[in-house]
Number of protein chains: 2
Amino acid sequence: MACSLARTLDIAGEWWTPLVLRDIWRGRTRFDEIQDNLGVSRKLLADRLETLVREGVVERVPYQERPTRYEYVLSPKGKQLWEAFMPLIAWGSRWTSGEAGPPALARHELCGELMIPRVTCSHCGERLRADDVRQEPGPGARIGRGTRPLPRPRAASTA
Amino acid sequence: MACSLARTLDIAGEWWTPLVLRDIWRGRTRFDEIQDNLGVSRKLLADRLETLVREGVVERVPYQERPTRYEYVLSPKGKQLWEAFMPLIAWGSRWTSGEAGPPALARHELCGELMIPRVTCSHCGERLRADDVRQEPGPGARIGRGTRPLPRPRAASTA
């Protein structure tokens with residue numbers, strides 16, 4: 001599908017994958033540590049990690065010899081992917097926490113403050129709102145599944 | 001799981017759900033339109049929409065009487081969820097497009113420019129980098145699956 005969202009989901013769109021990325025980002029880099037923390041099966045975790053390594057999101061790095069043992073670290077591509085997930089965490093904190101409040105807060109170590117990851121325009125810096133953004137065909141556009149031209153605008157409501 | 005990411009995935013983490021949100025955001029608001037565009041089964045689409053309506057992300061609005069027919073629109077909660085997905089689309093455009101270039105570009109209608117959705121700090125406005133953000137326990141924190149204390153820091157690499 002000629003769609004950047006679908007392609008992203010192909011890499012990171014399965015349940016558990018974002019949680020695996022989060023564990024690695026937080027410094028839980030060994031297979032057994034991640035498996036123990038998430039409580040998933042070894043097979044599921046191995047499958048997810050295999051995809052992430054194949055896609056260059058996670059790198060498998062030896063940390064011990066005889067026998068060789070590996071840990072998992074985020075590549076530059078993986079760090080940017082994780083950055084892109086931060087607003088989804090913020091959304092969950094905002095909309096799903098209930099009275100208890102959010103389970104986790106985020107601190108930006110560059111400025112030192114607790115903060116909320118915002119989605120902003122790279123050009124003007126303003127916060128992006130769904131109603132203010134429009135997609136246009138890019139150089140790699142193709143017409144097909146998921147990318148068909150939009151239906152013509154309709155007159156409002158019960159016309 | 002006391003984790004805003006897991007809670008977000010419970011609502012929007014299944015394959016196809018973000019693509020359904022995208023279609024609705026782009027103005028493809030009727031069941032048959034979405035189904036035709038994505039090429040998914042009616043059952044799958046009905047399941048996804050049911051979850052989104054139950055979670056208050058999408059609203060089911062009548063657009064015709066006798067017989068009553070409904071269309072789907074994003075609620076304020078849903079618009080913010082869609083905003084949070086924009087950086088994932090940008091990541092896909094950056095890392096998965098190949099030589100053809102991205103299938104779609106994004107224009108910010110407030111400033112009028114083609115742009116890239118960025119993830120920035122709500123406090124200082126700087127772009128967030130994975131290495132510069134740290135999670136801390138929030139008021140709703142609980143120790144359990146997915147949220148166990150981190151292992152102690154280790155000496156670097158093959159120590």
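**A chat about helix H4 of chain B**

Guide: In this predicted model, helix H4 of chain B has B:Arg48, B:Leu49 and B:Leu52 buried.

Visitor: How do those buried residues sit around the axis of H4(B)?

Guide: Looking down the axis, they fall within an arc of 95 degrees, so they line one face of the helix. In general, an α-helix has 3.6 residues a turn, so residues three or four places apart point the same way.

Visitor: And which residues are exposed on the other side of H4(B)?

Guide: There you find B:Arg42, B:Lys43, B:Glu50 and B:Arg54.

Visitor: What covers the buried ones in H4(B)?

Guide: The cover includes H2, strand E1 (58–64) and strand E2 (69–74) of chain B.

Visitor: OK, H2 then. Is B:Ile24 buried or exposed?

Guide: B:Ile24, which lies in helix H2 (residues 17–25) of chain B, is buried, because 24 other C-beta atoms lie within 10 Å and 20 or more is the cut-off for that.

Visitor: What does B:Ile24 touch, leaving out residues up to four places away in sequence?

Guide: B:Thr29, B:Val58, B:Tyr72, B:Val73 and B:Leu74.

Visitor: Switching topic: how many residues of chain B are in contact with chain A?

Guide: 92 residues of chain B, against 90 residues of chain A. Helix H5 (residues 76–96) of chain B gives the most to chain B's side, with 17 residues. By class, that side has 44 nonpolar, 25 polar and 23 charged residues.

Conventions. Residues are numbered from 1 along each chain as its sequence is written. Chains are lettered from A and ligands numbered from 1 in the order in which they are written. This is a predicted model: local features need pLDDT of at least 70, side-chain atom pairs count only at pLDDT 80 or more; totals for chains, interfaces and linings use all residues. Helices (H or I, at least four residues) and strands (E, at least two) are DSSP runs, numbered from the N terminus. A residue is buried if 20 or more other C-beta atoms lie within 10 Å of its own, exposed if 12 or fewer, and partly exposed in between; C-beta atoms are placed from the backbone. Two residues are in contact if their C-beta atoms, placed from the backbone, lie within 7 Å. Ala, Val, Leu, Ile, Met, Phe, Trp, Tyr, Cys and Pro count as nonpolar, Asp, Glu, Lys and Arg as charged, and the others, Gly among them, as polar. The arc is that of the directions from the helix axis to the C-beta atoms.
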